[in-house]
Amino acid sequence: GKSTLLNRIVGSKVSITSSKPQTTRHSIRGIRTLDDVQFIFIDTPGFQERHGGSLNKALNRAVRRAMDGVDVALLVIAAGSISPEDERAFEEIPDTIVRIIVANKSDRVAGPTEMLPFLARAGERFGGLDIVPTSAQGGRNIDTLLAIVAKHLPEQPFMFDADDITDRDERFLAAEAIREKLFRTLGDEIPYASVVGIESFQLEGQLRRIQAVIYVDREGHKGIIVGAGGGKLKAMASSARRDLEKLFGGKVHLDVWVKARHGWADNPTDMRRFGLEE
């Protein structure tokens with residue numbers, strides 16, 4: 001739920017979300033300015049433990065790089081339980097950084113009879129650090145979380161304009177919008193074996209004309225994405241277009257194709273091309 005939490009804080013959809021784990025592939029900055037405080041949140045990929053391929057190793061490097069120079073690290077866990085993955089992710093955060101535990105989805109915990117024992121367990125496990133129960137969906141305790149984070153921020157000039165919400169450009173946001181539909185529409189394998197490239201992005205007055213390609217690792221995956229008569233691909237592209245029109249505040253013409261590119265996730269050149277490796 002960390003991407004949903006970031007979008008709630010920023011007030012706009014800058015990070016894609018889905019019910020599948022490990023949706024985030026890039027470190028994405030979400031910016032929120034309140035009076036004289038500017039928050040810059042970095043939504044990182046989840047730490048990869050189960051698979052050791054080139055892509056997952058690159059994602060882990062991105063997580064570690066994202067922690068360089070930050071003032072506060074928020075470990076987002078699901079309220080009510082502490083998983084072994086939560087504990088291992090916590091151990092990856094240097095103790096030189098201020099650490100705060102965000103117990104998200106707290107609205108799913110059945111009242112004080114469950115929440116209070118959980119908070120006690122979490123307090124013991126995480127050494128008495130601040131634990132903030134939140135609900136990214138409902139907005140619960142977001143202001144409280146921001147107030148706690150603000151106490152640990154250094155005094156310095158703003159790094160971004162007060163109305164900025166992210167440092168990512170529109171090409172990146174367009175690719176991510178399409179990739180979100182893959183995660184939300186398809187099964188467990190194909191979204192992780194796919195990547196989206198923006199081939200052309202042209203601004204014609206208030207119209208954005210975008211041409212994108214979904215690259216898949218296997219030839220057989222193309223037909224699954226396209227669907228009968230092209231219906232599935234058309235539906236995903238239409239949904240992504242509507243999201244982008246809302247985000248950009250203008251009309252979008254979006255064309256999407258599907259191509260096979262075997263081994264892209266293990267090819268350093270492809271990884272750099274799609275912004276997955278420095």
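A charge sits over a ring if NZ of Lys or CZ of Arg is within 6 Å of the ring centre and within 35 degrees of the ring normal. The model is predicted, so local features need pLDDT of at least 70 and side-chain atom pairs count only at pLDDT 80 or more, while totals for chains, interfaces and linings use all residues. Residues are numbered from 1 along each chain as its sequence is written, and side-chain values use heavy atoms, with hydrogens and water left out.

**Exercise 1. Charges over rings**

Task: State which ring lies under the charged end of Arg168, and at what distance from its centre.

Solution. The ring belongs to Phe172, and the charged end of Arg168 is 4.1 Å from the centre of that ring. In another case, Arg261 has its charged end over the ring of Tyr215, 5.3 Å from the centre. Tyr215 is also linked by ring pairs with Trp264 and Phe274 into a cluster.

**Exercise 2. Aromatic pairs**

Task: Classify the pair Phe183 and Tyr192, then the pair Phe201 and Phe248.

Solution. Step one is the rule: rings of Phe, Tyr and Trp (its six-membered ring) pair if their centres lie within 6.5 Å; planes under 30 degrees apart count as stacked, over 60 as edge-to-face and the rest as tilted. The structure holds 6 aromatic pairs.

Step two: Phe183 and Tyr192 are 5.0 Å apart centre to centre with 85 degrees between the planes, an edge-to-face pair. Phe183 counts as buried because its relative accessibility is 1%, and Tyr192 counts as partly exposed because its value is 30%. The cut-offs are under 20% relative accessible area for buried, over 50% for exposed, and in between for partly exposed (1.4 Å probe, protein chains only).

Step three: the ring centres of Phe201 and Phe248 are 6.4 Å apart and the planes stand at 70 degrees, so this pair is edge-to-face. Phe201 lies in strand 6 (residues 194–204) and Phe248 in helix 8 (residues 231–248), so the pair ties together parts that are 47 residues apart in sequence. Helices (H or I, at least four residues) and strands (E, at least two) are DSSP runs, numbered from the N terminus. Both Phe201 and Phe248 are buried.
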